[in-house]
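Biologist: Please take a close look at one part of this model for me. Once that is described, go on to what surrounds it and to the partner chain.

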Amino acid sequence: MSLIEKIKSYSKGASVSSDKKAELNSFLKEGFPTIKDEEWKYSSLKKIISENYSINAIGRNITEAEISNHSLGFNDKIVFVDGVLILNPTIKNVTISNYSEFKSREKDSISKLNYSLAKSGYTIAISDNSIVEDPIEILFFNTIERGFTQYRNIVKIGKNSEAKFIEKIQNINCDVSFVNHFTKIYCAKNSKIEYNKIQNNTSKSRLIDSMDVFQKQDSVCSINTLVFGGEFIRNNLNFEQNGTNAESNMNGVSVLNNSQLADNHTFVDHRSANCRSNEMYKGVYLDNAKGVFNGKIMVRKDSQKIDAFQANNNLLLSENAIINSKPQLEIYADDVKCSHGCTIGQLDENAIFYMRSRGVGSKEANAILTYAFASEAINNITIDAVALLAKNLLAKKLNVDLDVSL
Amino acid sequence: MLKIKDLKAGTENAKILEGVNLEVNAGEIHAIMGPNGSGKSTLSAVIAGNEYFEVESGTLEFDDINLLDLDPEERAHKGIFLSFQYPVEIPGISVSNFIKTSINEGRKARGLDPIPATELLKMMQGKMDLLRMKKGYLSRNMNEGFSGGEKKRNEIFQMAMLEPKLSILDETDSGLDIDALRVVANGVNKLRTKDNATIVITHYQRLLDYIVPDFVHVLYDGRIIRSGGKELAKELEKKGYDWLKKAACK
């Protein structure tokens, strides 16, 4: 049974609330996006949704050992299994609660589906005027075989507060999984947040990850997206600046091999004056991997003095690798500074020979240069353990044993 | 140590070396001089194993091993070092990290464990003192934003760290002011032992006042047309190359 068929029959079930039923029907009318949809032109869901998934199966418990196996080792861990909160630690100035007010009215079909199929949703809130010193690790485990799972969470950063997060999605078994991950981040006045997304799941995992960030005045929000593992990854990262002097930072590193596909869609909506955005996405593509980058920057009519920067640099390390890169700037204000650059290239042969002449093998030289290429984005990550993980995953992808720390 | 016999090499489109013969023994310093385009840099690139150049015929041996069978990194592991005329900028990799990697890759090839960090730092400090380099330099990205002189000094620093048997200095003097030249030359002289050898490639006699060669060779049109002692360099400084070119034509 295809996923759509499954959703159809589920929507007729008696246990589904009328509210969610309406949303499901709205989804079913629209369906999943296809490549005819401009925003999904290069990332076809066709094969993925033709397969069979379970949409309301119950997963199993996971053990502490399994958690620590996949953890990056931070003390404060929030753990979800199949979208449901199972570990709610006590962290000073942080409250985690089940929410009910997070209703639908989502704009696109994927989000509608997320709302109507999600078992639950959670809010992670940082209180006002508090600085959470230690990074908080959020782990999402999937245990259901062929599960189509919804995560639905809100992160709220209070006024004048600061926090850092590391989020990781992990399958417990190697079976197919399809995750529809939906997060809203609210940044209050003068707040500061760094949110690191580690996408290094097993080889048959599929992911649609939508993150909407809403920023108030003087807030700074940095989202770092590290894409290494998984069969199909679609990221929708949207920023909405509602208040002056807000800053949005995006760093992305995608390193893909085999037939992996990663599609990074970003959108910054500059709705207020005197704001900034910085975007640095690096892509490395091996084998038959395919990458998509679409970076949209919108500067609204009265949003003067905007300083927006966007860079998307790509390395194609194989004849068969593909990247489709599209900067998309819509500027309606007249006193702004917007710059963007997009490059697609290979490694520098001279540099490779230079390193080989110093005794570094060609595979290692390739890896070092690739690391150097990606490091501009990696260096913007302020959590050492995450930056180190990125370096190690990169070395692993390039199949070299290399220590690049000193 | 190094034996080159009737070496012919070039690119796909051009013949550059048209039969070079050269023998370098341990403890010796050889200077290779010659006008622009005579093949000096090609010769050094071929010895180091740059695959951009194809060797058509002839032999290239190092300690009785056929170098032509070896990749550039394997030649480096055997003890060959090329100081580049135009060192490459590698953003994102610090000098210390780069050197650590090249030392450890060399050790790996010889079946040794990585060098302990403290030993490495001590060694770096010693060599930096020798070349009068400032400490902050280690954390800078490899050659990125370096002045011409800094790049060349960085090359000699790597040479000092890697302790090669045969060093080829390709136009190391270009871009150096006289003070830097003295420091670099002093470094090269201090690193000299009876077991290693140096080939100095240069346009100018000036460098040879500081690094005094045992032999001077003139490369012209892909061939060594004259060899002699250090006085040959002085003669070239005075008379230029034309008299040799004419002699070579006959």
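Modeller: Helix α5 of chain A (residues 109-117) has eight of its nine residues buried, so it is largely enclosed by the rest of the structure. Buried here means that 20 or more other C-beta atoms lie within 10 Å of the residue's own; 12 or fewer makes a residue exposed, anything in between partly exposed, and C-beta atoms are placed from the backbone. Helices (H or I, at least four residues) and strands (E, at least two) are DSSP runs, numbered from the N terminus. This is a predicted model, in which local features need pLDDT of at least 70 and side-chain atom pairs count only at pLDDT 80 or more, while totals for chains, interfaces and linings use all residues. Residues are numbered from 1 along each chain as its sequence is written, and chains are lettered from A and ligands numbered from 1 in the order in which they are written.

The buried residues of α5(A) are I110(A), S111(A), K112(A), L113(A), N114(A), Y115(A), S116(A) and L117(A). They pack against α2 (18-30), β6 (147-157), β8 (177-187) and β10 (205-215) of chain A; two residues are in contact if their C-beta atoms, placed from the backbone, lie within 7 Å.

For contrast, take S222(A), which sits in strand β11 (residues 220-229) of chain A. S222(A) is partly exposed, with 19 other C-beta atoms within 10 Å. Leaving aside residues up to four places away in sequence, S222(A) touches E194(A) and N249(A).

Now the partner chain. Chain B holds eight helices and twelve strands. Its radius of gyration, 18 Å, is close to the 18 Å from the globule rule for 250 residues, so chain B is as compact as a globular protein of that length. The radius is taken over C-alpha atoms, and the rule is 2.2 Å times the number of residues to the power 0.38. Of the 250 residues of chain B, 44% count as buried. The mean pLDDT of chain B is 92, and 99% of its residues reach 70 or more; pLDDT is the predictor's confidence in each residue, from 0 to 100.

The contact between the chains takes 20 residues from chain A and 23 residues from chain B. On the chain B side, α2 (72-78), β7 (90-94) and α3 (95-109) each supply at least two residues. The most comes from α3(B), with seven residues. For the complex the predictor gives an ipTM of 0.94 and a pTM of 0.87.

Helix α3(B) also meets α5(B): their axes come within 10 Å and cross at roughly 35°. Axes are lines fitted to C-alpha atoms, for helices over the stretch in contact, and angles run from 0 to 180 degrees between N-to-C directions. In α3(B), V95(B), I99(B), S102(B), I103(B) and G106(B) meet N154(B), Q158(B), M161(B) and L162(B) of α5(B).

Helix α4 (residues 117-130) of chain B packs on α5 (residues 148-162) of chain B at about 135°, with the axes 10 Å apart. That makes α4(B) oblique to α5(B), since angles under 35 degrees count as roughly parallel, over 145 as roughly antiparallel, 65 to 115 as roughly perpendicular and the rest as oblique. M123(B), M124(B), K127(B), M128(B) and L130(B) in α4(B) meet F157(B), A160(B) and M161(B) in α5(B).
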